[in-house]
Amino acid sequence: MKLTLKIWRQDNANSKGKMQTYSIEGIEGDMSFLEMLDVLNEGLINKGETPVEFDHDCREGICGSCSLQINGEPHGPDRMVTTCQLHMRSFKDGDTIVIEPFRAKAFPVIKDLIVDRSAFDRIQQSGGYVSVNTSGNTLDANAIPINKQDADSAFAAAACIGCGACVAACKNASAMLFTSAKVSQYALLPQGQVEATERVENMVRQMDLEGFGNCTNTGACEIECPKGISLENIARLNREFLSANIKG
Ligand code: SF4
Ligand code: FES
């Protein structure tokens, strides 16, 4: 395939960025999107030019590092895949592909396509833990009966990889889907009850402090989420938050 790439280039958080156009040839359908960018960067390096910076680590859809806005969609045109799992067979010869960083006030650009998502780390640190004693005298997990539906829902919420696509997809740059997944994975389990009240209050407070917008129930986050995190988690977060406020 021969492709035209329009890529956001920006030297650092304080510089003004701009789109730059590149032509690339010899791209195979079974290459991943990141492998296509590797080919581009090898060519740039060989010409003595600065390669395009982009985030990646596992390249297996697990770590949540890869974060590209591709033709206006976080993680590109396919559903339930991260950018590293997106294959070039989803595009055709002659296509123009627009590649930008995830756009949100709370995700400032570090360089080119890399954004700073440490706001998510701070939300997680504010409440994403349990104080269950793990020093050798804990109960075997299987000894605590948990309703199958709750266990399944907690497991599904825990699938969130913190990629930030939900924020990038949202017209308000809301982090509600991410935060609700982190709250839900504990709220549904007995081990999560100890800090339940302070967890939801602290995580929502931190989310607001970071500058994320409010949820207006558009649902774009659920559609673009590569891990299928459901909007039901946002409803659960709202119930948990209301109940925490009533308890005072
Ligand atoms: S909820 Fe989905 S889109 Fe948002 S951070 Fe988690 S995995 Fe990524
Ligand atoms: S590089 Fe780890 S999820 Fe894409």
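Predicted model: local features only at pLDDT ≥ 70, side-chain atom pairs only at ≥ 80, totals over all residues.
Q: Which domains is the protein divided into?
A: Domain 1 covers 3-111, and domain 2 is made up of 117-132 + 142-247.

Q: And what separates their centres?
A: Taken over C-alpha atoms, the centres of domain 1 and domain 2 are 28 Å apart.

Q: How many residues are in contact between them?
A: On the domain 1 side there are 18, and they are in contact with 17 residues of domain 2. The domain 1 side of that contact holds 9 nonpolar, 6 polar and 3 charged residues.

Q: OK, the largest nonpolar core. Which residues touch the most other members?
A: The core has 58 residues, and the ones touching the most other members are Ala 104, Phe 107, Cys 166, Val 167, Ala 175, Leu 177 and Phe 178. Helix α5, residues 176-187, gives the most to this core, with 7 residues.

Q: Where does this core lie, and why?
A: It lies between domain 1 and domain 2, because both give residues to it.

Q: Back to Phe 107. What does it touch?
A: Leaving out residues up to four places away in sequence, Phe 107 touches Phe 102, Val 115, Asp 116, Arg 117, Ala 119, Gly 164 and Val 167.

Q: New topic: ligand 1. Which residues are closest?
A: Cys 160, Cys 163, Ala 165, Cys 166 and Cys 225 are the closest of the 14 residues that surround ligand 1.

Q: Which elements give two or more residues to that shell?
A: Those are α4 (165-169) and α5. Of the elements, α5 gives the most, with 3 residues.

Q: What about the shell by class?
A: Around ligand 1 there are 11 nonpolar, 2 polar and 1 charged residues.

Methods
Residues numbered from 1 in each chain as written. Chains lettered and ligands numbered in written order. Domains from an automatic or database assignment. Contact = placed C-beta atoms within 7 Å. Nonpolar A, V, L, I, M, F, W, Y, C, P; charged D, E, K, R; others polar. Core = buried A, V, L, I, M, F, W, Y, C linked by C-beta atoms within 7 Å. Buried ≥ 20, exposed ≤ 12 C-beta atoms within 10 Å, placed from the backbone. Helix = DSSP H or I, 4+ residues; strand = E, 2+ residues; numbered from the N terminus. Near = placed C-beta within 6 Å.
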